[in-house]
Number of protein chains: 2
Amino acid sequence: MSRTWNQYVVKQENKALVLTTIINHTPISRAAVAQSTGLNKGTVSSLVSELIDEAFVTESGPGASSGGRRPVMLLFNAKAGFTVSVDLGVGYIQAALTDLNGEIVQVEKKQVKESTFDLVFETLVHLIEQLIKHAPVSRYGVIGIGVGVPAVVSHEGEILLAPNLNWKNIQLKQALEDVFDLPILIENEANAGAYGEMRFGFKQPPKDMIYASIGIGIGAGMILDGKLYTGKSGFSGEIGHMTIVKDGTSCRCGNVGCFERYASEQVLLEHAVKRHLIKANEDLSLDTLIKKAEAHDQEVLQLFEEVGEYIGIGLTNIINIFNPEVVLIGNRLRDLQKWLIPPIEHYIHSRAIGFHQQDLTVDFAKLENFSTVKGMAAFTIERFLAQLKDI
Amino acid sequence: MSRTWNQYVVKQENKALVLTTIINHTPISRAAVAQSTGLNKGTVSSLVSELIDEAFVTESGPGASSGGRRPVMLLFNAKAGFTVSVDLGVGYIQAALTDLNGEIVQVEKKQVKESTFDLVFETLVHLIEQLIKHAPVSRYGVIGIGVGVPAVVSHEGEILLAPNLNWKNIQLKQALEDVFDLPILIENEANAGAYGEMRFGFKQPPKDMIYASIGIGIGAGMILDGKLYTGKSGFSGEIGHMTIVKDGTSCRCGNVGCFERYASEQVLLEHAVKRHLIKANEDLSLDTLIKKAEAHDQEVLQLFEEVGEYIGIGLTNIINIFNPEVVLIGNRLRDLQKWLIPPIEHYIHSRAIGFHQQDLTVDFAKLENFSTVKGMAAFTIERFLAQLKDI
DNA sequence: TAAGTTTGTCCACAGGTTGCACAAAGGTAG
DNA sequence: CTACCTTTGTGCAACCTGTGGACAAACTTA
């Protein structure tokens, strides 16, 4: 059934509009909200007084006068509730308590040696319990839990496949709901990263942005027309399995010449072994390679450049397809940005369609290693605020 | 300034909802509209009476009783106005008069030998004038003109580049506005095709659909979340310039290994020449190749199969990236569907990610050669109906 | 023929926004 | 210091639209 419009809906929409305006411009006066939204002053006053009752907005002292009566400034009360937001990675779990602004209040990170679901789940639950215990007292308490996973996740929150964790058909959402009596959100890590970067990484959030999460594999989160795009079933963004080399290296996905067989952490390590760049007594890890690159190891630098060029190929394809405003590179290969920038930029500049390069920014994730965590926080907050309308 | 909600907006939204319901379910009674929309019976009555006054809806005789008073059936009056919708191709112009249902009332097609803008524009204006002259008398007359072009079109309707027409920076919209005092819409041909197929090619329009227009080059129109996605500047969909062969054939776009260098009308003809499939006294055209294929020319069939496999590669990439519900192939290569289906389906089935193949339909355009025309009609109609709200 | 059902209209009512008047609070110029 | 202007925020009447129920019309069914 389509949504019908009546006075109640109007009020909720306007109330949400006022709250969003306050969040984005805090501190702001009632008069300024009225001007910015186009709503009548009286309407704003009445909606604001409800928002104050609901603890989402607080009044601070008077602001500076602009030639008349001094305004009462309104503040968004980001401490009215908290989220527990988790980045469940391969070999680690990073969990954070955030406020309603997505600001991290407390963060915990634990290495998990084995990726068996039972062990991971136990660690996850323990971390979440810790954070909930430490949450400050607030009007709404912990409003929800969000977990970003490197997996194909259905719209219903089921983990269909997590190749790097070796998981298949896991009801993570259900399992968490059995433990915690809170709303649970499960999302793909790249989708969450994209959303986090869009919401919290820019002064003016881009409307069309592709976030390429390049770690062991490659996934993408896509912000299109200001919204996260997830595809028909929630599986979009598998840019790692885009063929860029016809009849190329075969991939476990069943295809050949896949992007992520030429540009990923996995590939870097494979080449490091093949080319004997890492000795037997050294750790086979990205960090080892980074150290060598810092020490100007020519062969490692050469490898980085080669991978950079392949990333350039993949991103050029994406740019030509989407005409995005921003392309961000996140996840593990973000740590290689110093070396990757020149080959990537060079490739894109020389190969992408000229029109698409106007107004295009190619950059690395800005939220350090918190893209996924903050994205999950954003989802949880948004869901919470949206659900208020149904009351 | 954000849009504010008030009683007027509520009314316009509900009125639009009622009209859409009538359009989609015509004929339908007031009571059924109320049930389907969730609106109150009284509200529906009053909105319908306005729609009747505005000539968008007419009453027909009583319908069948379902055990009580017989309902008065409401019909959408598709003849309340007409659009002139044009497919401006390479070498031809196809223009049609459509009603508000997108049904073609009259269609004119003219071959244009040279693609100089002056000649094309003269022909275009002449065709449009003819159609306007023949438009039936109606309440709103001709409500707008839409032109789909094989070009990079800005959001503002400027043709930035039409490689196959050899046009650059042409103000087509402005030029038409100088001649006709009607709203003018200019869109990329693939975007229009996608929209036309989505709106008029299905009983239940798909929400996520990729329309690959494979002609001389390859472009795509993307319907994402039920809306046409055009990218930051309106240039999205250049899937023809996605690299599928690293270090492959160079393309005039400056890149190498582009999709459209392996799978397009252009490539078919180039290979036909190179392999001596077409004799000197024969016409170098797709139609010649089709005739030979119909006659079971093994070499031609082999060529079609090769191209089909490349199309499979490109579409597999698209499917992995978007997780669409429907992928359609339109434009010239639609005529080769008989021969292209097996290799394309085989490639996609064996290579695309399994999850993405669930609920996926790969097919050819269903609106024959009217995808673009009907898409432009849909844009024009939608714009007309939307603008009614501003009155 | 009577009872029940469905359709569509009418009308009082509720709730929301608007526009304006007005009070409160501060600035500014002489 | 005073008089006047500007800005902010509240209060209130007017207006608009959807809702819900009553009701009449029209038809089916037993």
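Predicted model: local features only at pLDDT ≥ 70, side-chain atom pairs only at ≥ 80, totals over all residues.
Helices (DSSP runs of H or I, at least four residues) and strands (DSSP runs of E, at least two) are numbered from the N terminus. Residues are numbered from 1 along each chain as its sequence is written, chains are lettered from A and ligands numbered from 1 in the order in which they are written, and side-chain values use heavy atoms, with hydrogens and water left out.

The surroundings of DNA strand D are described first. A residue is taken as near a strand if one of its heavy atoms lies within 4 Å of it. By this criterion 26 residues surround DNA strand D, and the closest are A:Ala31, A:Ser45, A:Arg69, A:Val72 and B:Asn40. Sugar or phosphate provides 71% of the atoms of DNA strand D within 4 Å of the protein, and bases provide the rest. Polar contacts are pairs of N or O atoms within 3.5 Å; within protein, one atom must be able to donate a hydrogen and the other to accept it, and residues adjacent in sequence count only if both atoms are side-chain atoms. A polar backbone atom of A:Arg30 is placed 3.2 Å from a phosphate oxygen of DNA strand D. Bases are also contacted: a polar side-chain atom of A:Lys41 lies 2.9 Å from a base oxygen, and a polar backbone atom of B:Arg69 is 3.4 Å from a base nitrogen. Two or more residues of this surface come from each of α2 (30-37) and α3 (41-53) of chain A and α1 (7-25) of chain B. The greatest contribution is that of α1(B), with 5 residues. The surface near DNA strand D comprises 6 nonpolar, 14 polar and 6 charged residues, where Ala, Val, Leu, Ile, Met, Phe, Trp, Tyr, Cys and Pro count as nonpolar, Asp, Glu, Lys and Arg as charged, and the others, Gly among them, as polar.

Around DNA strand C there are 27 residues, of which A:Asn40, B:Ala31, B:Ser45, B:Arg69 and B:Val72 come nearest. Of the atoms of DNA strand C that come within 4 Å of the protein, 67% belong to sugar and phosphate. Phosphate oxygens of DNA strand C are approached by an N or O atom in the side chain of A:Thr43 at 3.2 Å and by a backbone N or O atom of B:Arg30 at 3.1 Å. The side chain of B:Arg69 places an N or O atom 2.6 Å from a base oxygen of DNA strand C. At least two residues of the surface are supplied by each of α1 (7-25) of chain A and α2 (30-37) and α3 (41-53) of chain B. Here α1(A) gives the most, with 5 residues. The composition by class is 6 nonpolar, 15 polar and 6 charged residues.

The interface of the two protein chains involves 62 residues from chain A and 62 residues from chain B, contact meaning heavy atoms within 4.5 Å. Chain A and chain B bury about 5100 Å² between them, 60% of it on carbon and sulfur atoms; buried area is the accessible area (1.4 Å probe) that two parts lose on being put together, summed over both. In chain A, the residues that lose the most area to chain B are A:Trp5, A:Lys246 and A:Ile321, together 14% of what that side buries.

The peptide bond joining A:Thr26 and A:Pro27 is cis, with omega about -5°, and A:Pro27 occupies the loop between α1 and β1 (28-29) of chain A. In chain B, the bond from B:Thr26 to B:Pro27 is cis, with omega near -5°.
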